[in-house]
Amino acid sequence: MKDQEYEYFYEDEGDTKYCYPGSNVLINKLDIRELELLHEAERDYSAVRQAELLMQGVTGDFSFQHLCAIHRQLFQDIYAWAGTVRSVDISKGTIFCLVQFIEDQFTYLYRQLKRDDFLMDISDKEKMSVRLAYYLAEINMIHPFREGNGRTQRVYIEQLCMKNGRFEIDFTEAAKEGMIEASVASAKDSNALLEQLIFKCLVEVKE
Ligand SMILES: Nc1ncnc2c1ncn2[C@@H]1O[C@H](COP(=O)(O)OP(=O)(O)OP(=O)(O)O)[C@@H](O)[C@H]1O
Ligand SMILES: [Mg+2]
């Protein structure tokens, strides 16, 4: 809900910068004005783009530019701002990173990932689940985009698995509610649920 006092603070509903006046429908390239129809179109277009990304393998170096490029590819058909950092602060009960810190926070995380050698050394499934859950939870807390964070961060995690080469991850195994529950828990106290969810989606590839 829009907070009248602090106009830059929003729950996951409408905001005047991104939405059609008086609604919570994001302004979109297809000019769809109905939320359900927009969600459908978003799902369909991003699914095609996600399949396209999957064929392309690892599409970048895991930097912030890489994450933005994934978002751009997924949502280029729907949103003019695809691939760009949000310009409003958002919260979904969880308060995500403030706009002015998004890029720095991601760069900090990226340096950590680099020190972790992009998880290249990990061959144990449980250990991989723990580290992937950590990075997924951290990226989720940054929530760089106005919409489409879930799909973008899952592709990023998929590509980390591809780079490692010993694992594949199939998030379609996880129900949306399970992902939200695990994300909320990771924001509040523990990554345990997210680790379990990832463990279930992770498949060891025969070498
Ligand atoms: N209350 C919450 N606290 C923390 N994280 C949350 C919360 N609600 C949702 N999330 C996370 O945010 C993601 C949704 O973000 P967003 O709506 O920007 O992207 P999306 O691509 O539409 O995601 P999805 O495909 O998962 O619905 C979820 O996948 C989940 O990981
Ligand atoms: Mg969404």
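With 8 C-beta neighbours inside 10 Å, Asp31 counts as exposed, and in this predicted model the residue is placed in the loop between β1 (9-10) and α1. Although Asp31 is not a glycine, its phi is positive, at about 55°. A positive phi is also found at Leu119, a residue other than glycine, where the value is near 65°. Leu119 belongs to the loop between α3 (102-115) and α4, and it is buried, with 20 other C-beta atoms within 10 Å; the cut-off for a buried residue is 20 or more such atoms, whereas a residue with 12 or fewer is exposed, so that the count of 8 places Asp31 in the exposed class.

Ser63 is located in the loop between α1 and α2, and with 14 C-beta neighbours inside 10 Å it counts as partly exposed. The separation of Ser63 from Ile32 is 31 residues in sequence and 33 Å in space, taken from C-alpha to C-alpha. Trp81, in turn, occupies the loop between α2 and β2 (89-92), and is buried, with 20 other C-beta atoms within 10 Å. Between the C-alpha atoms of Trp81 and Leu54, which stand 27 residues apart along the chain, the distance is 22 Å.

The packing of the helices was considered next. Helix α1, comprising residues 35-56, and helix α2, comprising residues 64-75, pack with their axes 7 Å apart and at an angle of about 130°, which makes α1 oblique to α2. On the side of α1 the contact is made by Ser46, Arg49, Gln50 and Leu53, and on the side of α2 by Ile70, Gln73, Leu74 and Phe75. When these residues of the contact between α1 and α2 are sorted by class, four are nonpolar, three are polar and one is charged.

By class, the contact of α3 with α4 holds six nonpolar residues, one polar residue and one charged residue.

Gln105, which lies in helix α3, was looked at individually. This residue counts as partly exposed, with 18 C-beta neighbours inside 10 Å, and when residues up to four places away in sequence are not counted, Gln105 touches Cys97 and Ile142. Ser46, a residue of α1 that takes part in the contact with α2, is 59 residues from Gln105 in sequence and 26 Å from it in space, C-alpha to C-alpha.

In soluble globular proteins, nonpolar side chains tend to be buried together. In the present model the largest nonpolar core contains 34 residues, of which Leu132, Leu136, Ile157 and Ile198 touch the most other members. At least two residues of this core are supplied by each of α2, α4 (125-142), α5, β4 (167-169) and α7 (192-201), and the largest share, eight residues, comes from α4. With residues up to four places away in sequence left out, Leu132 touches Ile157, Leu160 and Ile198; two of the partners named here, Ile157 and Ile198, are themselves listed among the core residues that touch the most other members.

Technical notes
Residues numbered from 1 in each chain as written. Chains lettered and ligands numbered in written order. Predicted model: local features only at pLDDT ≥ 70, side-chain atom pairs only at ≥ 80, totals over all residues. Axes fitted to C-alpha atoms, helices over the stretch in contact; angles between N-to-C directions. Helix = DSSP H or I, 4+ residues; strand = E, 2+ residues; numbered from the N terminus. Parallel < 35°, antiparallel > 145°, perpendicular 65-115°, else oblique. Contact = placed C-beta atoms within 7 Å. Nonpolar A, V, L, I, M, F, W, Y, C, P; charged D, E, K, R; others polar. Core = buried A, V, L, I, M, F, W, Y, C linked by C-beta atoms within 7 Å.
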